[in-house]
Amino acid sequence: MSVSVGDCVLVEDVSFEIGRGERVGLIGESGSGKSLTALAVMGLLPEDLKAWGSAKLNGRELIGAKEREMSRLRGRDMTMVFQEPMTALNPLMPVGKQIAEVMQVHGRDRGASQRAALDLLNMVRLPDPKRAAKAYPHQLSGGQRQRVMLAIALANNPSLLICDEPTTALDVTVQAQILELIQAVTGESALLFITHDLAVVASVCERVLVMLDGRIVESGLVKDVFTMPSHQYTQQLLASSDMESTDANGRLWTVTRD
Ligand SMILES: Nc1ncnc2c1ncn2[C@@H]1O[C@H](COP(=O)(O)OP(=O)(O)OP(=O)(O)O)[C@@H](O)[C@H]1O
């Protein structure tokens with residue numbers, strides 16, 4: 001799959017598969033095309049950007065699919081959790097209702113959706129789910145809001161869950177809790193996890209894709225790529241992510257570009 005704006009190709013021929021229950025990390029520096037790859041799969045690219053090629057979910061072609069078809073799949077078969085939950089949640093609606101709504105939109109009746117929303121709030125480990133369900137987003141902490149986003153994303157048991165920097169806006173202890181939660185609750189959903197943080201990939205994912213300038217330059221099992229990176233960029237990324245490591249002159253590693 002590729003993504004372009006006018007004549008400019010922003011994501012070029014990226015190709016990967018994620019199996020049921022598999023967790024795949026997508027890493028690379030800012031602007032390398034990670035988010036555009038995810039947005040293209042979800043059918044959420046800004047209007048002036050165009051995706052071409054092929055991306056299939058359970059054998060169904062997504063690229064070029066009609067918006068009606070995509071909106072049926074989004075929120076049910078494929079879902080996405082973003083960095084900033086406050087902008088993704090409706091500030092005027094209690095969170096329990098927002099979780100129930102995503103099930104109702106996709107055909108479940110109101111009572112069952114409301115009961116399932118409480119179960120989901122419990123699953124994402126919000127204390128006192130009944131009380132949490134009545135809260136508005138601004139009454140929750142950042143970590144609690146991200147738990148709600150995860151509940152919304154998992155409400156319909158999606159085949160694919162994409163997390164785009166889901167913990168970047170959170171402080172370190174909350175970050176660790178949310179990462180642990182993501183691992184515990186994603187179950188059979190295929191997970192594409194976008195992050196700058198290599199340690200996060202190492203703790204959450206089995207496989208990793210490394211992106212540079214709109215292309216995937218290296219992919220493989222985390223344990224192989226992180227111990228024996230074959231691409232120079234991955235080697236630099238790993239060296240620069242280790243704050244203890246220094247070059248021959250005692251300076252911290254930085255990623256240098258040609
Ligand atoms: N609407 C747009 N119009 C034109 N160019 C865009 C648009 N959105 C993104 N780009 C460009 O596409 C490239 C890839 O962007 P993308 O957001 O996918 O990067 P990223 O790897 O997700 O970065 P980050 O980690 O900072 O989110 C960047 O060079 C960006 O400037």
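Q: How many of the residues of strand β9 are buried?
A: This is a predicted model. Strand β9 spans residues 190–194 and is mostly covered. Buried here means under 20% relative accessible area. The number of β9 residues that are buried is 5 of 5.

Q: Which residues of β9 lie on each of its two faces?
A: In a regular strand, side chains alternate between the two faces of the sheet. Both faces of β9 are covered, and the residues on either side are all buried. One side holds Ala-190, Leu-192 and Ile-194, and the other holds Leu-191 and Phe-193.

Q: In β9, which residue is the bridge partner of Ile-162?
A: Strand β8, residues 160–164, runs parallel to β9, and 5 bridges join the two. Within this pairing, the partner of Ile-162 in β9 is Leu-192.

Q: What is the hand of the β-α-β crossover from β8 to β9?
A: Strands β8 and β9 are parallel. Between them the chain passes through helix α8, residues 172–185. The crossover is right-handed.

Q: Which elements each supply at least two residues of the lining of the largest pocket?
A: The largest pocket holds about 620 Å³ of space and is lined by 25 residues. Nearest its centre lie Phe-16, Glu-17, Ile-18, Lys-56 and Leu-57. The elements that each supply at least two lining residues are α1 (34–42), β5 (56–57), β8 and β9.

Q: How do the residues of the lining of the largest pocket divide into nonpolar, polar and charged?
A: The lining of this pocket comprises 25 residues. By class they divide into 13 nonpolar, 8 polar and 4 charged.

Q: Which element gives the largest share of the lining of the second largest pocket?
A: About 480 Å³ of space lies in the second largest pocket. Of its 21 lining residues, Gly-75, Met-80, Val-102, Met-149 and Ile-152 are the closest to the centre. Two or more lining residues come from each of β7 (78–81), α4 (95–105) and α7 (142–154). The largest share, 4 residues, comes from α4.

Q: How many charged residues does the lining of the second largest pocket have?
A: Asp, Glu, Lys and Arg count as charged. The lining has 13 nonpolar and 6 polar residues. Its number of charged residues is 2.

Terms used: Residues numbered from 1 in each chain as written. Predicted model: local features only at pLDDT ≥ 70, side-chain atom pairs only at ≥ 80, totals over all residues. Heavy atoms only, no water. Buried < 20%, exposed > 50% of the residue type's maximum accessible area, 1.4 Å probe, protein only. Pairing = 2+ DSSP bridges. Right-handed = clockwise from strand over helix to strand, strands pointing away. 1 Å grid on protein atoms, 1.4 Å probe; cavity = no way out; pocket = protein on both sides within 12 Å on 5 of 7 lines; lining within 4 Å. Points joined across faces, edges and corners; volume = space filled by probe spheres on them.
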